[in-house]
Amino acid sequence: MKLVLDILEDRISKAMEAVSGESGCNGLVRVAGDAKFGDYQANGVMGLAKKMKRNPREVASEVVAELEIEDIC
């Protein structure tokens, strides 16, 4: 059985690929450093936004819109 962290990593990476149009994106999902921000964080979005020369919040919003996690969250 896959760990939730691994499932999130896979799905966030796929959502990042859909947003960027590039393959091989890595969500870099980790347990959140501060619980007030949630359980997990996807550090790879910041690097993707920089690579795309776009606002990180906008890219993150697009990644969330593409994210398919209804079956686990």
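View 1. In general, a disulfide is a covalent bond between the sulfur atoms of two cysteines. Buried means under 20% relative accessible area, exposed over 50%, and partly exposed in between, with a 1.4 Å probe and protein chains only.

The model is predicted: local features need pLDDT of at least 70, side-chain atom pairs count only at pLDDT 80 or more, and totals for chains, interfaces and linings use all residues. Residues are numbered from 1 along each chain as its sequence is written, and side-chain values use heavy atoms, with hydrogens and water left out.

**View 2. Helix 2 against helix 3.** Helix 2 covers residues 44–52, and helix 3 covers residues 56–66. Helices are DSSP runs (H or I, at least four residues), strands are runs of E (at least two), and both are numbered from the N terminus. The two axes come within 9 Å and cross at roughly 115 degrees. Axes are lines fitted to C-alpha atoms, for helices over the stretch in contact; angles run from 0 to 180 degrees between N-to-C directions. Helix 2 passes helix 3 in a right-handed crossing. A crossing is right-handed if the near helix is turned clockwise from the far one by less than a right angle, and left-handed if anticlockwise. Val-45, Met-46, Leu-48 and Ala-49 in helix 2 meet Pro-56, Val-59, Ala-60 and Val-63 in helix 3. Contact means heavy atoms within 4.5 Å. By class, this contact has 8 nonpolar, no polar and no charged residues. Ala, Val, Leu, Ile, Met, Phe, Trp, Tyr, Cys and Pro count as nonpolar; Asp, Glu, Lys and Arg count as charged; the others, Gly among them, count as polar.

**View 3. Helix 1 beside helix 2.** Helix 1 spans residues 4–20. Its axis comes within 11 Å of the helix 2 axis, and the two cross at roughly 15 degrees. Helix 1 is therefore roughly parallel to helix 2. Angles under 35 degrees count as roughly parallel, over 145 as roughly antiparallel, 65 to 115 as roughly perpendicular and the rest as oblique. The crossing is right-handed. Met-16, Val-19 and Ser-20 in helix 1 meet Gly-44, Val-45, Leu-48 and Met-52 in helix 2. These residues divide into 5 nonpolar, 2 polar and no charged.

**View 4. Helix 1 across helix 3.** The axes come within 8 Å and cross at roughly 115 degrees. Helix 1 passes helix 3 in a right-handed crossing. From helix 1, the contact takes in Ile-12, Ala-15, Met-16, Ala-18 and Val-19. From helix 3 come Val-59, Glu-62, Val-63 and Glu-66. The classes are 7 nonpolar, no polar and 2 charged residues. Ala-65 also lies in helix 3. At 66% relative accessibility, Ala-65 is exposed. Ala-65 and Ala-15 are 50 residues apart in sequence, yet 8.3 Å apart in space, C-alpha to C-alpha.

**View 5. Positive phi at Leu-28 and Lys-53.** Most residues other than glycine have a negative phi. Phi of Leu-28 is near 50 degrees. Leu-28 sits in the loop between helix 1 and strand 1 (29–31). Leu-28 is partly exposed, at 31% relative accessible area. Phi of Lys-53 is near 55 degrees. The place of Lys-53 is the loop between helix 2 and helix 3. Lys-53 is exposed, at 76% relative accessibility.
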